[in-house]
Amino acid sequence: MNTTMMMRRLFAGALISGAVAAAGLGLGAGSAAGHPPTGTWCPGQPLPLGDAVFGWDMNVCHDYWFVNPGEGNVPITASGRQIGSYIWIGSVPPWLPPLGPPPPPPPPPAPGSYCATNPIGCHFFGPYGPGSHG
């Protein structure tokens with residue numbers, strides 16, 4: 001397998017892993033203002049995905065989004081070779097669909113329910129509380 005194919009598979013695997021991790025952490029929710037960045041990099045931190053050389057200003061922080069390889073706007077060099085960029089900085093990638101409004105808040109607890117009378121216990125044990133049969 002040639003080096004280019006190995007790099008593509010490595011980056012694809014990393015992107016998929018990052019997407020799964022973000023979904024598991026609830027980072028996909030976003031806000032009505034726009035898609036939140038995948039991350040923020042600042043000087044002194046390791047670069048996203050390790051040993052690649054990024055063609056961005058290394059003296060300032062950057063919010064970044066992972067995009068499909070070749071769709072990024074940051075030049076990336078890996079193992080001495082230019083590769084298809086998978087990082088977008090500066091603004092939300094323009095092709096991302098607009099986000100809808102945030103979901104409505106949950107309804108208040110029913111009067112007389114465990115959560116209405118024991119909000120702290122409800123926080124720790126869920127909407128029915130300890131010993132509940134409902």
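1. The largest nonpolar core holds 13 residues, and those with the most contacts inside it are Phe54, Trp56, Ile76, Tyr86 and Ile87. E4 and E6 are the elements that give two or more residues to this core. A nonpolar core is here a set of buried Ala, Val, Leu, Ile, Met, Phe, Trp, Tyr and Cys residues joined through side-chain atoms within 4.5 Å, where buried means under 20% relative accessible area, exposed over 50%, and partly exposed in between (1.4 Å probe, protein chains only). In soluble globular proteins, nonpolar side chains tend to be buried together.

2. On the basis of the model: this is a predicted model, in which local features need pLDDT of at least 70 and side-chain atom pairs count only at pLDDT 80 or more, while totals for chains, interfaces and linings use all residues. Residues are numbered from 1 along each chain as its sequence is written, and side-chain values use heavy atoms, with hydrogens and water left out.

3. The protein chain has three helices and six strands, which follow the pattern α-β-β-β-β-β-β-α-α along the sequence; helices (H or I, at least four residues) and strands (E, at least two) are DSSP runs numbered from the N terminus. Of its 134 residues, 21% count as buried. The accessible surface comes to about 9100 Å², of which 64% belongs to carbon and sulfur atoms, by the Shrake-Rupley method with a 1.4 Å probe.

4. Three strands form an open sheet in the order E2-E4-E5, with antiparallel pairing. Strand E2 (53-54) and E5 stand at the edges with a single partner strand each, so one side of each is left without a neighbour in the sheet. E2 and strand E4 (residues 76-78) pair in the antiparallel sense over two bridges, pairing being assigned if DSSP finds at least two bridges between two strands. Within this pairing, Val53 has Thr77 of E4 as its bridge partner.

5. Ile87, one of the core residues with the most contacts, touches Phe54, Trp56, Tyr64, Trp65, Phe66, Val67, Gly72, Asn73, Val74 and Ile76, not counting residues up to four places away in sequence; contact means heavy atoms within 4.5 Å.

6. Ser85 belongs to the loop between strand E5 (81-83) and strand E6 (87-89), and Ser85 is buried, with a relative accessible area of 8%. A polar atom of the Ser85 side chain lies 2.5 Å from the backbone oxygen of Val74. Leaving aside neighbours within four places in sequence, the residues in contact with Ser85 include Val67, Pro69, Gly72, Val74 and Ile76.

7. A search of the whole structure finds one disulfide, a term for a pair of cysteine sulfur atoms within 2.5 Å. This disulfide joins Cys42 to Cys61 (S to S 2.0 Å), and the link is right-handed, with 115 degrees about the S-S bond. Cys42 sits in the loop between strand E1 (39-41) and E2, and Cys61 in the loop between E2 and strand E3 (62-66), 19 residues apart. Cys42 is partly exposed at 21% relative accessible area, and Cys61 is partly exposed at 46%.

8. Thr40 lies in strand E1 and is partly exposed, with a relative accessible area of 44%. Its side chain makes a polar contact with the side chain of Asp63 (2.6 Å); a polar contact is a pair of N or O atoms within 3.5 Å, and within protein one must be able to donate a hydrogen and the other to accept it, with residues adjacent in sequence counting only if both atoms are side-chain atoms. Thr40 and Ile89 are 49 residues apart in sequence and 9.7 Å apart in space, C-alpha to C-alpha.
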